[in-house]
Amino acid sequence: MMAMPATVPATITGASGMVTAPHHLAAEAGCAVLKDGGTAVEAAVAVAATLAVVYPHMTGIGGDGFWLVAEPDRAVRAIHGCGGAAARADLALYDGHAAVPTRGPLAANTVAGTLSAWAAALADDGGRLPLARLLRDAIGHAEAGVAITAGGAAIAAAKGDELRGQPGAWAAIFEPDGRPMRAGETLRQPALAATLRAIAADGVADFYGGRLAALVAEDLAATGSPVDAADLAAHRATRPAPLRARIDGIDLFNTAPPTQGFASLMILALFDRLQAAHADGFVHLHALVEATKQAFLLRDRHVGDPDWHHVDLQALLHDGAALDRLAAAIDPARALPWPQPSMPGDTCWFAAADRDGRVASVIQSTYFEFGSGIVLPQTGITWQNRGSSFRLAADGWNALKPGRKPFHTLNPALARFDDGRTMAYGTMGGEGQPQTQAALFTRYARYGIDLQAAISAPRWLLGRTWGADSTTLKIEEGFTPALYADLAAAGHQVERVAAHGQMMGHAGAIVRHADGRLEGATDPRSDGRVVAW
């Protein structure tokens, strides 16, 4: 039902270990850790650190991160490195503002949790290699410099007007010659290299309560951010139970609130109850789009900081009768009127698998491209603007409160198949994340499409992302011509977009088979790579 491009790359296979990441240097760094005897968790930390250097427009240690780890004994555990709002981030701080700004010091209003997630993941894992080894490649790339990608250069140029005037070191690092960097030019980040060296030597705790924390707090105060040393010291990673949904022959896992992992699971749980016989035909796309609408309506009512929301989302995912009713509410021939408000965001998802059967699915982000735009001069850290999603309201969904964790679009996915396969999959792309997860998962798991082909094939997106103003159903070129017409006739607001566009996100997947074989895929829409050995 779709026309595949002639140059679709092959699914990568391996036996001893595998990494997929949206930048080739990060994938290589992770696989090198596996070759040195490291675990999938240790490889994922190496990937995460390298991405902070080579993909700074998408992620960094000044953001948040979420982990799912599938253990060899088939247990699945979750780690949330999610920072809460500063103690001084209250409504009085934003007096005169209609909304939290998306850039600048008032956008840098939450603690960065990414590093705490690394530490928690390594502590739970036991580990084999020193932290200095895991951060080696990232430190080297930050010191020596790395060629900026075409995508990174384009984003920096497009966002320059709103970022170069922010307090801090953004312009000095990303426009060192007084102009936007061009693709292929060398991006050097010596302050970030020194920060990573300090973490390698003194541990992650130094970021939250040591010499490094003092430097971070000093720079944040100088920019006007409300986050201070006490906020850093009070932060802890958490280990909530992952959410789980059962579909025919497969157990699905995703992260609990404040992430939208519930929506990703709900889409697949509803789709499992609908009859879609063929991949990428009208019934397949219509069913997933309509399941997305139902899931998003529930998400927007019930998903947020669990300390402020008490709906038992796990019980709903296990309530067969409730799921049947929601599925029955989907008209098989007509689209539910849309839009609803959508969530933007830029992110990096990556995964690693080791020879022991451990698989890690990880996602981290600074929210918007380059986060708040605040780059701390003494440490080179780009601080996130995740707290710009807070509502300036006294109460209700995602209302700003000191200590409260903001709603997160971030959500890594895992699946355990009854036949012994384990699948890690995910993508960047804000509100597109659950939709892309559903597309690639159903293609692979329900229709038997090759893993790489499932990711490379044309995709769709309901709503806004990557700065787009429209809330249409955006569909890439490459499907059969009749599909676009059939969807429009059913009431979908179809907008055809170019194939392999950035708006569709950067997806990836690793599948470990029961016999230890590994398959991996990355997105041709990214600068990514799968590396195996």
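## Helix 10

In this predicted model, helix 10 covers residues 211–223, a run of 13 residues. After the helix comes G224, which has a positive phi near 105°.

Which residues of helix 10 are buried? They are L212, A213, L215, V216, A217, D219, L220 and T223. These buried residues pack against three helices: helix 8 (190–202), helix 9 (205–209) and helix 11 (229–234).

## Helix 12

Helix 12 runs from residue 261 to residue 271 and is mostly covered, with eleven of its eleven residues buried. The buried residues include the aromatic F262 and F271. Also buried in helix 12 are G261, A263, S264, L265, M266, I267, L268, A269 and L270.

Three strands form an open sheet in the order 13-14-15, and their pairing is mixed. Strand 13 (460–462) and strand 15 (494–497) are the edge strands, each pairing on one side only. From one strand to the next, the twist averages 20°. In general, strands of a sheet pair through backbone hydrogen bonds, in either a parallel or an antiparallel arrangement.

Strand 14 (residues 473–476) and strand 15 run parallel and are joined by four bridges.

## Aromatic pairs

How many aromatic pairs does a search of the whole structure find? The search finds twelve. One of them is the stacked pair of F207 and W383, with 6.2 Å from centre to centre and 15° between the planes. F207 lies in helix 9, and W383 lies in the loop between strand 10 (359–367) and strand 11 (413–417), so the pair ties together parts that are 176 residues apart in sequence. F207 has a relative accessible area of 0%, and therefore counts as buried. The relative accessible area of W383 is also 0%, so W383 is buried too.

Y367 and F368 form a tilted pair, with 4.9 Å from centre to centre and 45° between the planes. Both Y367 and F368 are buried. Elsewhere, ring pairs link F417, Y425, F441 and Y444 into a cluster. For another view of where W383 sits, its C-alpha atom is 24 Å from that of E42, a residue 341 places away in sequence.

Is E71 buried or exposed? E71 is buried, because its relative accessibility is 14%, under the 20% cut-off. E71 sits in the loop between strand 3 (64–70) and strand 4 (76–81). The side chain of E71 makes a polar contact of 3.1 Å with the side chain of R358. Leaving aside residues up to four places away in sequence, E71 touches R77, G357, R358 and R416.

E143 belongs to helix 5 (residues 136–144). With a relative accessibility of 41%, E143 counts as partly exposed, because the value falls between the cut-offs of 20% and 50%. Which side chain does the side chain of E143 meet in a polar contact? The partner is R197, at 2.8 Å. R197 is also among the residues that E143 touches beyond four places in sequence; the others are R188 and A193. The C-alpha atom of E143 is 8.5 Å from that of A191, which is 48 residues away along the chain.

Definitions and conventions: Residues numbered from 1 in each chain as written. Predicted model: local features only at pLDDT ≥ 70, side-chain atom pairs only at ≥ 80, totals over all residues. Heavy atoms only, no water. Helix = DSSP H or I, 4+ residues; strand = E, 2+ residues; numbered from the N terminus. Buried < 20%, exposed > 50% of the residue type's maximum accessible area, 1.4 Å probe, protein only. Contact = heavy atoms within 4.5 Å. Polar contact = N/O pair within 3.5 Å; in protein donor to acceptor, adjacent residues only side chain to side chain. Expected span 1.5 Å × (residues − 1). Pairing = 2+ DSSP bridges. Axes fitted to C-alpha atoms, helices over the stretch in contact; angles between N-to-C directions. Phe/Tyr/Trp six-rings, centres within 6.5 Å; stacked < 30°, edge-to-face > 60°.
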